[in-house]
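Here is a short briefing on one protein model with a ligand. Keep the sequence and the 3D view open while you read.

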Amino acid sequence: MIPYGRQDISQLDIDAVVEVLQSDFLTQGPVVPAFEQRVACHVGAEHALAVNSATSALHIACLALGLAEGDYLWTSPITFVASANCGLYCGAQVDFVDIDPHTYNLCPVALEQKLQKAEQSGTLPKVLVAVHLCGQSCDMQAISTLAKRYGVSVIEDASHAIGGKYRGEFIGSCRYSDITVFSFHPVKIITTAEGGMALTNNAELAAKMQLLRSHGITRDPEQMTHVADGPWYYQQIDLGFNYRMTELQAALGVSQLQRLDQFVARRHELAARYDQLLSTLPLTTPWQHPDSYSGLHLYVVRLNTQQIGKSHREVFESLREQGIGVNLHYIPVHTQPYYQRMGFQYGDFPEAERYYREAISLPMFHTMSEEQQAQVVAALQGALAS
Ligand SMILES: *Cc1c(COP(=O)(O)O)cnc(C)c1O
């Protein structure tokens, strides 16, 4: 089976992890801060907090922004459930904004309409999670303008997007948001096995997230309520978690980061070949906004189902039967049973639901060969022929 995504681990990556195993620190040593500093420097953000997953990063980002019971968090229905669940962890309510039919990202026009209504009914969201689907940035300029006008904080869920750019700057610079989150799960662009990071230019948010990632405990005399009892002393001043990244993970991250540009460039080569090889088939290849240089975590095609004698499901199953590990990103979150129990219904977000009936993620990863790509294309041709 050709997988839809796969990590690429080099001997240098392995050596970096082994070196940490033989060192004094397996956790809470010097490598995590080094990894944070390198990512922050690469993307142009002031502060970076490494954590054990992007899900954890989203959680502490929401808490740092003050999200709590009685508040709303809005996001796109076409995302991994974690982008929405982080709101529920804080006791807030979640709602969605339908997608743009070209980029499949949260639509700024739909956002503006929903904000106008929410202002009238006194239900404006506290936090908006903008998901850069497949690695392509959302229209952050429009989103940031609206967010400022309505007093909404913005988190960029850039789990798909490290290495990508928006208007000439790396995604993660937080120019248009309060906090940006990356994921380092093995299917993503670079990996630390499990892992994530929250970036911000706001020192207060960074300090808050730093506390929350490690039990709410501080050793900083400035943050304590009174003078330390002695050199052993620390204080718990908030309720935090153990969301720390290990030194092993950070060492893998530092090593992988060195090949980030190469990884993204290879994904662009593969995408350009797909665009060409698929151009005559009855499907829509990914549209790229001219302001955006995508990280290209995913290559999603949409079937022009009216022109095909088979259903979306039949095409999908045929590909899997032919050894092509296609996938579907994502099932609209509002149609998940857990969310349906909150009152969401089919029909609530029609563009997202239409996307779900047509989308297929084709295999794309750094080590994918051109023969493998030809195999995917041939299988797709076969699957579409009626
Ligand atoms: C993968 C992913 C996450 C969660 O990342 P983890 O590091 O696995 O917690 C969140 N949001 C999106 C859009 C993702 O793709």
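**Ligand contacts and backbone notes**

A polar side-chain atom of Ser-159 sits 3.4 Å from a nitrogen atom of the ligand. Keep in mind that this is a predicted model.

- His-160 places a polar side-chain atom 2.7 Å from an oxygen atom of the ligand.
- Lys-188 also takes part: an N or O atom in the side chain of Lys-188 is 3.0 Å from an oxygen atom of the ligand.
- On its own, the ligand has 380 Å² of accessible area, and the protein covers 93% of that area.

**The shell around the ligand**

- The shell counts 15 residues.
- Thr-55, Asp-157, His-160, Ser-183 and Lys-188 come nearest to the ligand.
- Sorted by class, the shell holds 8 polar, 5 nonpolar and 2 charged residues.
- Two helices, H3 (54–64) and H4 (82–89), each give the shell at least two residues.
- The ligand takes up the space of the second largest pocket.

**Salt bridges**

- There are 15 salt bridges in the structure.
- One of them joins the side chains of Asp-95 and Lys-114, with 3.0 Å from N to O.
- Asp-95 belongs to strand E3 (residues 93–96) and Lys-114 to helix H5 (residues 108–121), so this pair ties together parts that lie 19 residues apart in sequence.

**Backbone features to check**

- Most peptide bonds are trans, and most residues other than glycine have a negative phi.
- The bond between His-329 and Tyr-330 is a cis peptide bond, with omega at about 10°.
- Tyr-330 lies in the loop between helix H10 (312–321) and helix H11 (337–340).
- Cys-174 is a residue other than glycine with a positive phi, near 60°.
- The loop between strand E7 (169–170) and strand E8 (179–183) holds Cys-174.

Methods. Residues are numbered from 1 along each chain as its sequence is written. This is a predicted model: local features need pLDDT of at least 70, side-chain atom pairs count only at pLDDT 80 or more; totals for chains, interfaces and linings use all residues. Side-chain values use heavy atoms; hydrogens and water are left out. A residue is near a molecule or strand if one of its heavy atoms lies within 4 Å of it. A polar contact is a pair of N or O atoms within 3.5 Å; within protein, one must be able to donate a hydrogen and the other to accept it, and residues adjacent in sequence count only if both atoms are side-chain atoms. Accessible areas come from the Shrake-Rupley method with a 1.4 Å probe; for residues, only the protein chains shown count as cover. On a 1 Å grid over the protein atoms alone, a cavity is a set of points where a 1.4 Å probe fits but cannot get out, and a pocket is an open set with protein on both sides within 12 Å along at least five of seven lines; lining residues have an atom within 4 Å of a point. A molecule sits in a cavity or pocket if more than half of its atoms lie within 2 Å of its grid points. Helices (H or I, at least four residues) and strands (E, at least two) are DSSP runs, numbered from the N terminus. Ala, Val, Leu, Ile, Met, Phe, Trp, Tyr, Cys and Pro count as nonpolar, Asp, Glu, Lys and Arg as charged, and the others, Gly among them, as polar. A salt bridge is a side-chain nitrogen of Lys or Arg within 4 Å of a carboxyl oxygen of Asp or Glu.
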